[in-house]
Amino acid sequence: MYGRIFTPFAIGRFTIVPEDHPVDPAAGLPLIMGKKGAFGSGEHETTASCLEEMERIPGIAGMRCLDLGSGTGILAVAAIRLGAASVVAVDIDPRAAESCAANVRLNGMEGRILTVCGELASVGREPYDLLLANIYAEIHLALADEMVALVRPGGWLILSGIPIQDKFDIQRRFSNLGCIQHDWQILEEYVTLVLRKP
């Protein structure tokens, strides 16, 4: 979506702020988003639920995170605002990666968020503390093994973009890989799952 028009709005502790709007220091943790670029500026219920669930992850400060299907990079920026040490933001769409990199610059996080245009295999094999994936259900199913392998024991996965009718298939797939369901949100059309790797 290009040329978005939006005004600042709050989701939990965060305030999503368009790039040309002053940041209110009294508002929540600012997530500055460009008006042009990929999908995902917090308006969609799946993005909002991921932001809400991220706030509830214990010990997120200092974590090494992976944002799979990063889009605008809003989840990556939010993770840093919550105190994560670093984020690798990967998206297969060059326009999304470009949008993410622009938003990283807008938030002054160039040294802490690495934007990667490519597939999951392009991020290496070093384990992450938290994996964020707001992506299509079929991609969750196709990449489940690789996603779980990239999370350290005791680490977390926040999965969204899952249509309600696909909830059971996703739960079963990740459960079969040893993940334990910690929390979930049933939204209007989608489900967000929070899993932990033993």
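The structure is a predicted model, in which local features need pLDDT of at least 70 and side-chain atom pairs count only at pLDDT 80 or more, whereas totals for chains, interfaces and linings use all residues. Residues are numbered from 1 along each chain as its sequence is written, and side-chain values use heavy atoms, with hydrogens and water left out.

The chain contains 5 helices and 10 strands, where helices (H or I, at least four residues) and strands (E, at least two) are runs assigned by DSSP and numbered from the N terminus. Its radius of gyration is 16 Å, close to the 16 Å that the globule rule gives for 198 residues, so the chain is as compact as a globular protein of that length; the radius is taken over C-alpha atoms, and the rule is 2.2 Å times the number of residues to the power 0.38. Along its principal axes, the C-alpha trace spans about 45 × 35 × 30 Å. Of the 198 residues, 52% are buried, a term that means under 20% relative accessible area, with exposed meaning over 50% and partly exposed lying in between (1.4 Å probe, protein chains only). The accessible surface of the chain comes to about 9,000 Å², and 55% of this belongs to carbon and sulfur atoms; such areas come from the Shrake-Rupley method with a 1.4 Å probe, and for residues only the protein chains shown count as cover. Among contacts (heavy atoms within 4.5 Å) between residues at least 6 apart in sequence, 66% join residues at least 24 apart.

An open sheet of 7 strands runs in the order β6-β5-β4-β7-β8-β10-β9, with mixed pairing. Strands β6 (113-117) and β9 (180-186) stand at the edges and have a single partner strand each, so one side of each is left without a neighbour in the sheet. From one strand to the next, the twist averages 15°. Strands of a sheet pair through backbone hydrogen bonds, either parallel or antiparallel, and two strands are taken to pair if DSSP finds at least two bridges between them.

Within this sheet, strand β7 (residues 128-134) and strand β8 (residues 151-163) pair in the parallel sense over 6 bridges, and Ala133 has Leu159 in β8 as its bridge partner. Two helices pack on the sheet. Helix α1 (residues 45-55) touches β7, β8, β9 and β10 (190-196), and its direction makes about 155° with that of β8. Helix α4 (residues 137-149) touches β4 (64-68), β7 and β8, and the direction of this helix makes about 175° with that of β8. For these angles, axes are lines fitted to C-alpha atoms, for helices over the stretch in contact, and values run from 0 to 180 degrees between N-to-C directions.

Strand β10 is mostly covered, as 5 of its 7 residues are buried. The pairing of β8 with β10 is antiparallel, over 6 bridges, and Leu159 has Leu193 in β10 as its bridge partner. Strands β9 and β10 also pair in the antiparallel sense over 6 bridges, with Trp184 standing opposite Leu193, and a hairpin joins β9 to β10 through 3 residues.

The model contains 5 salt bridges, each defined as a side-chain nitrogen of Lys or Arg within 4 Å of a carboxyl oxygen of Asp or Glu. One of them joins Arg152 and Asp129 at 2.4 Å, N to O, and this pair links distant parts of the chain, with Arg152 in strand β8 and Asp129 in strand β7, 23 residues apart. Arg152 counts as partly exposed at 29% relative accessibility, whereas Asp129, at 15%, counts as buried. Another is formed by Asp169 and Arg172, whose closest N and O atoms are 3.4 Å apart; both residues lie in helix α5 (residues 167-176), 3 residues apart, about one turn of the helix. Asp169 is partly exposed at 32%, and Arg172 is partly exposed at 44%. A further salt bridge joins the side chains of Arg56 and Glu53 (3.0 Å, N to O), of which Glu53 counts as buried at 2% relative accessibility.

Asn103 is found in helix α3 (residues 94-106) and is buried, with a relative accessible area of 2%. When its neighbours within four places in sequence are left aside, Asn103 is in contact with Ile32, Met33, Gly34, Thr72 and Val77.
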